[in-house]
Amino acid sequence: MPRIVRDADVVWEGNLARGAGAITAASSGAFEALPYSLPTRIAAPEGKTSPEELLAAAHGGCFTMSLAGELTAAGTPPGRLDVHCRITMDEVEGKGHLIVHSALDVRARVDGLDAQALAKAVDAAHAGCSFSSLLRAAGVGIDIETTLDG
Amino acid sequence: MATDRNAKVTWTGSLMEGSGRIEGVTSGAFGPLDVTWASRAEAPDGRTSPEELIAAAWASCVSMALSHALAGAGTPPERLETSVTVTFQPGEGILKAAIEIVGTVPGIDHDGFVAQAEGAKQNCPVSKAMTGVPEVTLAATLATA
C-alpha cells in the first residue's frame, strides 16, 4: 500500500498571549480556519478548538478504526463502537507543558462477542493503533475503559 | 493546572465497509466529521483522518510555541504560516512529519528565525508527544517583503 500523506495549514498573527491563529484541514477541506488562542487553549474553550482537542479527535479516530479492524479480523465486525477520548496537558516540573495522558472510554455493541474477546481485540487495537504507539514511545500514559453493550 | 480536551467518535460496521464519525469535541468548534478507511488510506474525498488531525494539532502547537519564543526574544511575529504534512504507512505507522514555516517577523534575520523555529519544533507539547515519529523535518523561512 502506498504511503498516505495528509496536510494541515495554520496561520498565526501576533504574540502568544494576545495573538490568535486559524487551523485548516488542507488535504480534505473537512474544516477551515478554525480559530484558536492561548486563553482558549489553557482555560475554558469558549467554542474554540486547540492542539489537544485535535489530538483527542486523532487518537479517538485512530483507535476506533484500529478496533474495528481487529474485531473484523476476528470474524465479529462491530455493530457500533462509541469511543470517547480525553487528552490531558499539564505543566511538569522542569519539563514545561507536556501531553501527559490520554483516556479512551470504549463502548462496543458487537453480535456474538463476549467480554474476554472484546478485551483481546482492545489490546490488539491498542498495540496496532499508530497514534497509541507514538504516545507510548513518548511516555504518555494511556488508560482504556471498555464496556460491552448487550 | 491541567487542561483536558475531549472528542467522541462512533463507528459502525467492519473496517473496510463501515464508517465512522467524529461526533463532536469539547469546544464544539467542529463536528460531526465523517471518517472512513478508504478516505484515510486513499483520496480524502472531503473527509478528515487521524493523520490530518495530527497535522493540524502539530501545526497549531508549533505556531504558538514559535510566537512565544519570538516575543521572548524581543521580535514578536506579525504572521506565521505553518504547514505540517504527516506521512502514514499502513502496517508500519506514522513515518514522517514535515513542518514548513514562513514567518513575517520584523527585526530578525534568517538564522535567528531558523534557530527559534528549531526550538519551537523541539519544545512544543505536541512535538514532545510525537518523539516516536522517525523523521521530523523543519523548513523555516522569512517571508520576502
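Strand β4(A) pairs with strand β1 of chain B (residues 3-12) in the antiparallel sense, over nine bridges. Helices (H or I, at least four residues) and strands (E, at least two) are DSSP runs numbered from the N terminus, and two strands pair if DSSP finds at least two bridges between them. Within this pairing, A:Asp82 stands opposite B:Thr10 in β1(B). The model is a predicted one, in which local features need pLDDT of at least 70 and side-chain atom pairs count only at pLDDT 80 or more, while totals for chains, interfaces and linings use all residues. Residues are numbered from 1 along each chain as its sequence is written, and chains are lettered from A and ligands numbered from 1 in the order in which they are written.

A second pairing links the two chains: β1(A) and strand β4 of chain B (residues 79-89) run antiparallel over nine bridges. Here A:Trp12 stands opposite B:Leu80 in β4(B). Strand β4(B) is also joined by eleven bridges to strand β5 of chain B (residues 93-104), again in the antiparallel sense. B:Gln89 stands opposite B:Gly93 in β5(B). The two strands β4(B) and β5(B) form a hairpin with three residues between them, and B:Gly91 in the turn has a positive phi of about 90 degrees.

Helix α2(A) is mostly covered, with 21 of its 23 residues buried. A residue is buried if 20 or more other C-beta atoms lie within 10 Å of its own, exposed if 12 or fewer, and partly exposed in between, with C-beta atoms placed from the backbone. The end C-alpha atoms of α2(A) are 33 Å apart, which agrees with the 33 Å that its 23 residues should span at 1.5 Å a residue; the expected span is 1.5 Å times one less than the number of residues. Just after α2(A), A:Gly75 takes a positive phi of about 85 degrees.

A:Leu118, A:Ala121, A:Val122 and A:Ala125 are buried in α3(A). Seen down the axis, the buried residues of α3(A) fall within an arc of 105 degrees, so they line one face of the helix; the arc is that of the directions from the helix axis to the C-beta atoms. These buried residues pack against α2, β5 and β6 (141-148) of chain A. On the other side of α3(A), A:Gln116 and A:Ala127 are exposed.

Turning to the overall layout, chain B has four helices and six strands, running β-β-β-α-α-β-β-α-α-β from the N terminus. Chain B is divided into domain 1 (7-41) and domain 2 (50-142), with bounds that come from an automatic or database domain assignment. The C-alpha centres of these two domains of chain B are separated by 27 Å. Of the 145 residues of chain B, 50% count as buried.

Definitions and conventions. Two residues are in contact if their C-beta atoms, placed from the backbone, lie within 7 Å.
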